[in-house]
Structure formats: structure tokens, C-alpha cells
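Please keep the coordinates open beside them as you go.

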Amino acid sequence: MAQVFDGITVLDFTSGRAGGVATMVMSDFGAEVIKVEPPGGEKFRNSPGAIQWNRGKKSVVLDLKTNEGRDDARQLARRSDVVVENFRPGVTQRLGIDYDSLRAGHPGLVYATLTGFGSQGPYAHYKGYDGVVAAKSGRMMMFAEQNPREGPNYVVVQGVCHSAATALIRGITAALYVREKTGLGQRVETSMLKAVTTYDHVSWVHGQMIENLPDTYSPDPRVGIGRPNPTGYLPARTKDGQWIQLGNVVERLFRSMMHWLDMDFIYEDPRFKTAPFLDQEAVAALERIMLEKVQQKTLDEWMSIFLGEAGNVAAEPYLTSEQALNHPQIVHNGNVQDLHVPEVGDTRQLGPMVNMSGTPGSTQGPAPALGQHTADVLASLGAGGGSNSNGAKSPMPKHPLEGITLLDLATVINGPLGCALVAELGARVIRIEAPGGDWGRQGLPFSAHRTMAGSEGICLDLKTPEGQEIMGKLAAKADLLLHSMRPGAPERTGIGYEQLSKINPNLVYLYAGGYGSTGPYSHRPSMAPIAGAVSGGGVAQMGRDAFPPPDQPMTIDDIAAVSKRLKRANDGTADHNTAMVNAVGLLLGLYARERTGEAQYVESTMIAANAYANIDDFYWHEGKQPRPLPDGDGYGLHARYRLYRAKSGWVFLACPFEDEWEALCRTIHRTDLLDDPRFATAETRERHDDALADELARVFAGEEPMHWEKLLTAADVACVKAEDRGMYFFFNEDPHVRQNGLLTQVEAPRYGEFWRYSPVVDFSEATGRAGPGPLKGQHTRPILKELGYTDEQIHDFKQRKVVDWEEE
């Protein structure tokens with residue numbers, strides 16, 4: 001069976017996880033990926049997870065410091081369709097492998113660039129370690145208050161890398177789609193700093209609303225900081241000392257949870273009669289009762305209930321990533337595949353990122369040995385090859401996905417946000433909500449300007465014949481559709497795959513599910529913390545020795561204290577991780593349709609998307625090292641990769657490699673540390689890590705954060721001032737943001753003019769597009785008129801609540 005990237009050759013110059021995952025996904029879906037490494041191999045070759053993200057590739061060793069190595073690189077580029085690089089700005093020009101040099105005589109080349117902080121500005125040459133970008137941008141403040149101390153908290157799940165990898169896949173695929181139509185390639189560019197903005201769907205807009213509309217929005221001390229989990233999101237300890245995540249924030253799920261916890265009595269108590277909508281004092285009292293109830297049964301007993309009669313309760317045990325490899329639904333979905341790797345033997349690794357019915361992905365082989373394919377690949381240079389381009393056909397569009405229509409029928413965050421990322425590529429996104437509006441609009445309605453950004457909005461009752469008729473007319477004109485309904489519901493509302501395929505056989509249809517459309521858990525609800533618990537991210541974020549042994553007795557106060565920390569650790573960005581994968585699935589389906597002429601069914605799940613976010617640990621083989629975990633106070637992984645208090649504020653230091661460690665010691669005038677037998681080698685530093693952290697803590701406490709940032713980055717040691725107020729403040733105040741065009745001004749009814757995050761991916765020819773989110777049903781009338789309905793019919797639909805909209 002054909003694959004999405006059959007016949008596409010990718011020349012991969014990247015180093016590290018973000019680029020590695022992006023090209024791994026392309027390999028899984030059929031691309032030939034040639035990984036170019038320096039003599040000795042790229043620095044991250046032995047990093048946790050590299051055994052996965054290097055799989056299916058060919059390793060070629062080239063010394064780009066020599067004329068011969070650079071010539072070979074240029075010849076490889078000429079026979080490639082895609083070049084991907086993450087050198088720091090200016091390096092490719094010095095090597096002669098920059099876009100302008102390589103596209104000469106190769107108009108079909110798609111050239112993708114990933115930087116840490118952008119191509120210009122004061123931070124352009126900073127090293128783009130995941131922790132460095134997370135600290136500098138304020139992402140670490142999303143986990144503030146996980147521990148009793150103040151300030152930012154280290155983030156274990158490498159979301160910066162996950163967001164950058166998925167952005168690269170979207171950008172490259174969109175550029176290849178354009179090339180299929182025009183015969184022309186272009187440059188695709190993103191940065192890790194730009195990609196991390198996908199995680200902020202509240203604070204950036206909220207902060208501006210407080211400033212711009214003070215009569216409507218009062219000051220909020222939590223702007224820029226992760227918000228408390230809503231009622232119904234509760235980690236709890238079971239009778240046998242295990243931990244379970246309850247995730248039932250939607251009212252019908254919350255009531256089902258109360259019933260199966262034998263807590264229906266709460267609605268007779270005046271404190272709880274409006275549950276789940278309660279004040280903080282009532283929430284604390286209710287959660288204490290819930291914690292006591294969960295203590296009455298073992299984990300197996302609870303899961304037997306939730307997997308059986310209580311099928312409408314979202315709940316999962318807390319697992320490590322390795323344990324999650326055996327989760328019945330993950331196994332059923334094919335999210336885990338067996339692969340023999342010569343160096344380590346049998347392994348269990350992640351399967352393809354999404355499931356595709358027509359062009360399914362499959363692992364092409366193990367990670368290669370260093371230089372394994374050098375001779376064969378270089379010998380093929382004289383043989384030509386590489387499809388390059390298909391000749392000029394159509395003119396270059398204004399936006400990559402110009403003319404494409406996507407119907408968004410998803411709810412809350414991960415579905416709509418995934419569609420918003422596709423809207424940034426120029427697709428027309430029509431968001432279809434129930435007449436009352438999406439549940440995600442509750443509480444902070446302006447969050448729609450991120451989760452639904454760039455979409456048009458229509459409110460439609462799909463339970464009515466007229467609503468289904470309108471839906472059919474929309475589907476007939478659409479190219480893509482995404483929904484997140486559990487199995488059975490799409491057919492009842494007329495939007496099942498078979499139903500809509502009869503109306504429009506060219507419709508690419510993506511189900512963005514919690515668990516999937518078939519299998520033992522497919523009928524179950526899932527919300528953000530459920531995927532976080534299953535994937536291993538929540539357990540890892542808690543750090544070392546965070547959970548008391550299962551047989552250790554705990555008071556209810558002790559349980560409540562751990563539960564509070566675990567709430568913050570399992571912070572809810574599982575939705576955002578999933579949104580990025582949803583967008584990838586839509587792009588893969590669209591590009592496959594363009595190449596094969598056939599639409600298909602595509603499926604993504606929250607559990608698989610978050611497994612990918614944990615790709616550095618989501619695999620197994622004999623002798624695999626345990627996942628590195630942070631200290632119990634959330635400073636970081638070890639003395640050379642962690643947060644430190646400065647004279648005022650915080651810094652984040654990242655010097656994991658030997659040359660960086662030596663440069664650090666020289667620059668801070670502590671060469672004695674190099675001679676100290678406790679710190680002389682990697683092995684001794686690991687044994688005496690606490691002592692080394694104490695030494696460095698005393699050093700950093702002596703000066704201001706920016707002193708250390710300027711001093712150490714000048715010596716090419718990654719050390720940055722860690723934003724300790726939140727992402728809003730960094731993006732609002734730091735000049736680097738505007739120098740790199742990270743913000744775009746938009747205007748929306750009711751909210752006026754404000755700045756939104758710019759599209760995550762930039763293109764040299766067909767540009768991205770930024771827009772605000774819609775009010776509830778804002779475009780209902782013009783969309784219905786476009787479908788041929790009269791004003792009288794639309795008024796009648798409104799009166800009968802077939803459609804709806806709110807007034808501007």
C-alpha cells in the first residue's frame with residue numbers, strides 16, 4: 001500500500017530530538033531520510049529516546065569542515081526533495097548549504113530551518129535546549145506551585161521539542177503540498193521559542209484584556225501562571241496505595257463520577273448543590289470527601305467499575321511511560337511496535353504518530369550505526385535521482401492551504417486548537433458548535449482567540465433533521481473534517497465517516513479521540529489529565545521519591561498534600577500536545593489525497609499524542625536506563641541542567657556535555673572544580689551531584705540573572721534568566737519577541753484590537769495567516785447564505801433553535 005511520502009528524499013542535518021522526531025515521522029510514512037552526521041556522530045546520538053527518533057534512517061558521515069564534505073552535502077541536497085537543518089543562524093551560509101545556495105538549479109527544494117530563538121535578535125545564537133527555551137519563555141511558570149517554594153518549576157516533558165517537531169512536520173508537509181500543485185519549493189522556518197507559544201491558550205490574551213478592557217476584566221494574579229485544575233480533576237490514592245486520576249469536569253461526567261463514588265448525597269448539602277460549579281472553599285471540602293471515598297477500594301476494584309458499569313467516568317491509574325507500553329488500548333491501537341535493534345536486541349517502540357486507512361505508516365527499520373550507509377549513499381550520487389519537482393503547474397498561492405476548507409466539530413481544546421494550527425496555514429476553518437456554544441467557552445471566553453483562532457463560527461443543532469441537512473451541504477464543499485465524538489455519536493448526528501463519504505468521497509476525515517474508535521477503552525471519556533496520567537508525564541513531573549511506598553500508611557492530610565502536588569504536575573498540557581498531532585494528521589491526509597487522488601479516514605488519540613510527547617522514555621529494551629527525573633523540589637535533572645536562584649530571580653543552566661562543563665568552570669573562574677576528584681568525570685559528577693549543585697548555587701547567588709546570562713552565553717554556555725512571572729510577561733516585554741515577529745495584531749468584535757501569537761510556521765513564498773477567534777456562531781448567517789438559504793429560512797432556523805449566534 002502506498003505511503004504519504006513515497007518517493008520523497010529528506011536530507012537531515014539536524015541534531016537532537018526536535019528535528020530527529022520530525023524526520024522520523026516522515027520516515028515512518030515512507031520518506032527516505034538520510035541523516036548527515038559529523039565524524040564521531042552527532043552529540044545527541046546516545047540521548048534517551050534517540051534509539052527511536054533515529055530509526056528508519058540512513059546514516060552518512062560527512063565532515064562539513066572540509067571542502068570534500070561540503071561538496072558531498074551539496075550533491076546530496078541536489079537529489080533530495082527536502083533539506084532539514086537546525087544549525088544556529090549563519091552557520092549554513094558559512095558552509096555553503098543555506099537555502100539560497102542549494103535552491104539554485106533546484107526550484108523544487110523544500111528547505112526547513114529550526115532555530116532555538118529565531119534568526120535575529122539578542123538571543124538568536126543561544127543554544128536551543130528544551131529547558132533553556134522553557135525557562136526563558138516563562139513556560140516553567142505553568143508548573144509554579146507544584147512545590148512549596150516560589151518561582152519556576154522544571155518541566156520534565158519536553159514540550160518545546162514536541163511542539164517544534166510537529167511544527168516542522170506541518171510546515172514541510174504544507175510546502176510539499178504546495179509543490180505538488182506549483183512545482184516550486186520554498187523555505188519553511190520555525191523556532192523552538194515560536195513553537196512553545198502553542199501551550200499558552202489563556203494568559204497572553206487574558207493579560208491584554210486586563211490592560212485593554214479594565215472595566216470588564218479585573219487584575220488577576222494568575223496571569224502567566226498555570227491555573228488551578230477545575231473541580232473534577234483529582235488525583236487520589238486507592239486502598240492499596242496506588243494513584244488514580246479522575247478527570248470529570250464536564251457536568252454530566254461529574255455527576256456520573258459522584259454516583260459511582262457513592263456520593264450522590266452531596267447534592268443535598270447546600271455547600272455542594274451547584275457542583276461542579278463551586279467556590280474554592282467548597283471545592284476543598286468536596287475533594288477531601290472524594291479522597292476518603294477513593295481510599296475505600298483498591299485500584300483494580302475501581303478500574304473494574306470504571307471499565308464496566310461506570311463507562312461514563314473518566315479515570316486512569318498513574319503509569320510510567322514504560323508501564324504505558326502495556327496499556328490495553330495503546331496496544332490495540334498499534335501505538336507500540338516490536339523492533340529488533342542490533343545494538344540492544346528486541347525493543348518496543350512507538351508506532352506511527354497517527355493511523356491512516358489508505359496510506360498507513362510503518363517503521364522502516366532500526367536506528368542506523370554511525371556512518372552505516374556512507375559508502376552506499378555517496379556511491380549513488382552519480383546516479384541522479386530525487387523527484388525534486390514536477391514542473392510549474394499553478395501559480396504560487398498566497399497561503400499554503402489556500403482554497404482548502406476544514407470543518408471543525410471538536411470540543412474544548414485539543415480539537416479546535418489543532419484546527420487553528422491548520423488555519424494558520426491558510427485553510428478556511430468553519431467551526432461548528434452546538435447552539436449553546438462549546439463547553440470550552442465557559443469561564444474564560446477569550447481563550448477562543450487561541451483555541452479557535454482564525455476560524456469562522458456557526459452554531460448548529462445536529463440532532464435535528466434541518467441541522468443534519470445543513471451539515472451535509474457543508475460537508476459536500478469541504479476538504480477536511482475533524483471531530484472528537486465518542487464512537488456511535490457521529491452516526492447518530494449524521495457525521496459518521498461512511499455517511500459523509502457518500503456525500504463527499506474527497507473528504508479527508510480525522511477522528512481526534514481520547515482512546516480511539518475501536519478497542520477496549522474506545523467507549524470511555526477522556527480529558528487532558530487522563531492522557532497525562534497514562535503517558536507517564538505526570539509521574540515523571542513529580543520527580544524523585546515523590547510517592548510514598550504503597551504499603552506506607554498515609555493520613556488524609558498527607559494524601560491531600562500529594563494530590564495537590566500531583567494536580568500541578570499533571571498540568572493539563574496534554575490537550576496541547578494532542579492538538580499539534582491532530583494538525584499533523586490533517587496535513588498528512590491532505591497531502592496524501594493530493595498525491596494519490598484518494599481521501600481517507602485518519603485517527604489520532606490523546607494517549608498516542610502524549611506518548612509522543614514522552615518519546616524520550618516511551619520505549620523499552622533490556623538494560624534500558626531509567627528515565628532521568630528531577631529532584632523533589634523541581635529544580636532540574638542534575639547540577640548542570642537545572643534552575644538556580646540568583647541574587648534576585650532565577651537562572652537556568654544547561655551544560656550537559658563535557659566541553660560545556662569545562663567552559664562553564666573557566667568562565668565563572670572555578671577551574672578548581674575541574675580538578676576536584678568529585679567532579680573530574682561524568683561518573684564522579686553523577687555520584688556527587690548534590691555537592692556540585694551546592695557549589696554552583698553559591699556561585700549563582702552572588703550576581704543578578706542577566707549578569708550570568710550575558711557572561712555565560714558569550715562563552716557559548718547556555719544559561720538564561722528564567723522568567724518568574726509567566727509567559728505573558730516575557731512576550732509582552734522582551735524586545736526579542738517583536739524583533740522576530742512573534743506577535744501579530746488582530747481585531748475582533750467585543751474585544752477590539754489586540755496582539756495574538758503569530759503563526760508557528762513561516763514560509764518564504766506562501767505565507768501563513770493569523771486571525772482572531774469567533775464569537776459563538778458569529779458567521780452563522782453568512783455561511784448559511786453561502787449555502788443558498790434565505791433570510792426568512794435563517795430566521796426560522798433561529799426561532800426553532802436549529803441554528804444560533806450571539807450578538808456582537
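1. This is a predicted model, and I begin with the buried residues of helix α29, which are Asp689, Leu692, Ala693, Glu695, Leu696, Val699 and Phe700. These residues lie on the same side of α29, because the arc they cover around the axis is only 160 degrees. On the other side of α29, by contrast, Asp690 and Arg698 are exposed.

2. As for its dimensions, α29 comprises twelve residues, 689-700, and the distance from its first C-alpha to its last is 16 Å, which is close to the 16 Å expected at 1.5 Å a residue.

3. The model also contains an open sheet of eight strands with mixed pairing, in which the order is β12-β18-β17-β16-β13-β14-β15-β27. The edges are formed by β12 (355-356) and β27 (803-804), each of which has a single partner strand, so that one side of each is left without a neighbour in the sheet.

4. Within this order, β16 and β17 stand next to each other, and the pairing between β16 (residues 480-483) and β17 (residues 508-513) is parallel, with four bridges. For His483, the bridge partner in β17 is Tyr511.

5. When neighbours within four places in sequence are left aside, Asp804 is in contact with Pro435, Cys459, Lys776, Gly777, Thr780 and Lys798.

Notes
Residues are numbered from 1 along each chain as its sequence is written. This is a predicted model: local features need pLDDT of at least 70, side-chain atom pairs count only at pLDDT 80 or more; totals for chains, interfaces and linings use all residues. Side-chain values use heavy atoms; hydrogens and water are left out. Helices (H or I, at least four residues) and strands (E, at least two) are DSSP runs, numbered from the N terminus. The expected span of a helix is 1.5 Å times one less than its number of residues. Buried means under 20% relative accessible area, exposed over 50%, partly exposed in between (1.4 Å probe, protein chains only). The arc is that of the directions from the helix axis to the C-beta atoms. Two strands pair if DSSP finds at least two bridges between them. Contact means heavy atoms within 4.5 Å.
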